[in-house]
Amino acid sequence: MPSNKSVSDAPIVQFTNCRILRDHQLQREDLWVREGKILNPEKLFFDEKGSADAQLDCKGSIIAPGFIDVQINGGFGVDFSLATDDFKSGIDLVSQKILSHGVTSFCPTLVTSPPSVYHQVLPQISVRNGGAHGAGILGAHLEGPFISKEKKGAHPEHCLRTFEAGAFQDLLATYGSLDCVRIVTLAPEMKRSSEVIQELTKRGICVSLGHSVANLSQAEEAVQHGATFITHLFNAMLPFHHRDPGIVGLLTSDKIPPGRRVFYGMISDGIHTNPAALRIAHRAHPKGLVLVTDAMAGMGLAPGRHTLGQQVVEIDGLNTYIAGTKTLSGSVATMDTCVRHFQEATGCSVETALEAASLHPAQLLGIEHNKGTLNYDSDADFLMLNDNLYVQATYIAGQEVWRQDVSGM
């Protein structure tokens with residue numbers, strides 16, 4: 001057998017009998033992995049004269065990039081917006097548990113909170129690679145407190161803030177540090193928001209528009225200053241109106257700077273967005289759709305009372321409300337459920353549904369060269385799924401980190 005040793009001593013694993021999602025299509029090919037990366041088999045054969053050290057029969061499974069959740073408030077009893085002594089063990093628990101739902105990277109999300117919470121929690125979040133310990137952390141998503149009182153949703157009104165004379169300095173004082181921050185959701189109609197958007201963008205932080213009463217021109221101006229995302233489209237924003245479609249109008253705006261794409265998150269849980277609204281958004285701007293769970297502490301738990309930051313929420317089936325009201329508050333949907341619902345509701349292809357939870361969030365965060373695809377040299381974070389898009393196994397850096405118990409399939 002030819003030797004692999006010319007380039008690396010690391011073992012090469014060949015995944016056979018599978019359909020790989022590559023170049024927007026499911027292709028009958030083998031997947032080759034070495035040292036946590038996807039390998040180009042042609043280079044292996046012709047340059048290295050190498051071959052696989054181990055083969056794994058995938059039994060006809062789909063192999064797709066790992067899911068990336070850019071808006072998740074917690075789960076399994078853990079609330080990322082609560083400053084606790086064991087915060088790190090909480091984030092570890094969530095990162096471990098979401099592996100079974102196909103999530104290989106995520107952005108822990110904090111809802112509107114007092115400055116003291118940000119100051120305590122953010123230093124405890126660090127960007128890290130995924131592995132057997134759990135999904136990778138890409139950085140925090142701070143949803144608020146610089147949002148509209150009229151569209152606060154489940155965010156506590158007494159914690160909302162505006163940009164005062166200091167603008168960006170106000171934001172820094174509120175959060176304490178931006179070291180681990182990846183996304184900030186704010187309302188673009190706020191005074192001085194443009195300079196804040198520019199400052200955040202300059203630092204490589206993604207600015208998302210949400211919890212807002214902005215009209216379309218205000219939203220377009222925010223995009224021109226660097227905003228690239230919309231937080232849970234249709235939820236907590238002005239409803240579409242034909243004379244001024246508001247933030248929703250960004251999906252078909254002709255004032256987006258050349259070469260820029262606006263992405264938008266959607267909670268595809270069958271509760272937050274009517275299937276018809278999901279179809280409208282997808283048909284208007286398919287390449288911008290990013291599936292998010294917006295999951296909270298109650299995900300994975302029995303119905304009852306749980307927390308979302310400063311608020312008490314009640315779970316009733318798949319509905320989650322601020323206790324004593326009918327105000328929706330986050331979701332208890334898992335990412336794999338969202339992918340299946342999206343595919344069923346829109347009738348889109350399997351490839352499209354899978355890319356909305358992998359390629360598109362990676363593009364939003366500018367990490368598509370490493371994650372969100374199965375291109376050669378990208379990270380070997382991938383899933384095995386059956387034809388109904390149920391996750392059978394999860395891999396991070398080429399290592400199996402979760403597998404469905406065969407008796408439970």
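Guide: For the charges, Lys and Arg count as positive and Asp and Glu as negative, while His and the chain ends are not counted. In this predicted model, the mean positions of the 33 positive and 43 negative charges lie 3 Å apart.

As for the setting of the residue, the protein has ten helices and 24 strands, and its C-alpha atoms fill a box of roughly 70 × 45 × 40 Å along the principal axes. The radius of gyration is 21 Å, which agrees with the value near 22 Å that a compact globule of 409 residues would have. Of those 409 residues, 57% count as buried, and the accessible surface comes to about 16600 Å², with 49% of that area belonging to carbon and sulfur atoms. Among contacts between residues at least 6 apart in sequence, 69% join residues at least 24 apart.

Thr373 counts as buried because its relative accessible area is 12%, and buried means under 20%. When its neighbours within four places in sequence are left aside, Thr373 is in contact with Pro65, Leu359, Glu368, Ser378 and Asp379.

Technical notes: Residues numbered from 1 in each chain as written. Predicted model: local features only at pLDDT ≥ 70, side-chain atom pairs only at ≥ 80, totals over all residues. Heavy atoms only, no water. Helix = DSSP H or I, 4+ residues; strand = E, 2+ residues; numbered from the N terminus. Rg over C-alpha atoms; globule rule 2.2 N^0.38 Å. Buried < 20%, exposed > 50% of the residue type's maximum accessible area, 1.4 Å probe, protein only. Contact = heavy atoms within 4.5 Å. Areas by Shrake-Rupley, 256 points an atom, 1.4 Å probe, with all protein chains shown as cover. Charge placed at Lys NZ, Arg CZ, Asp CG, Glu CD.
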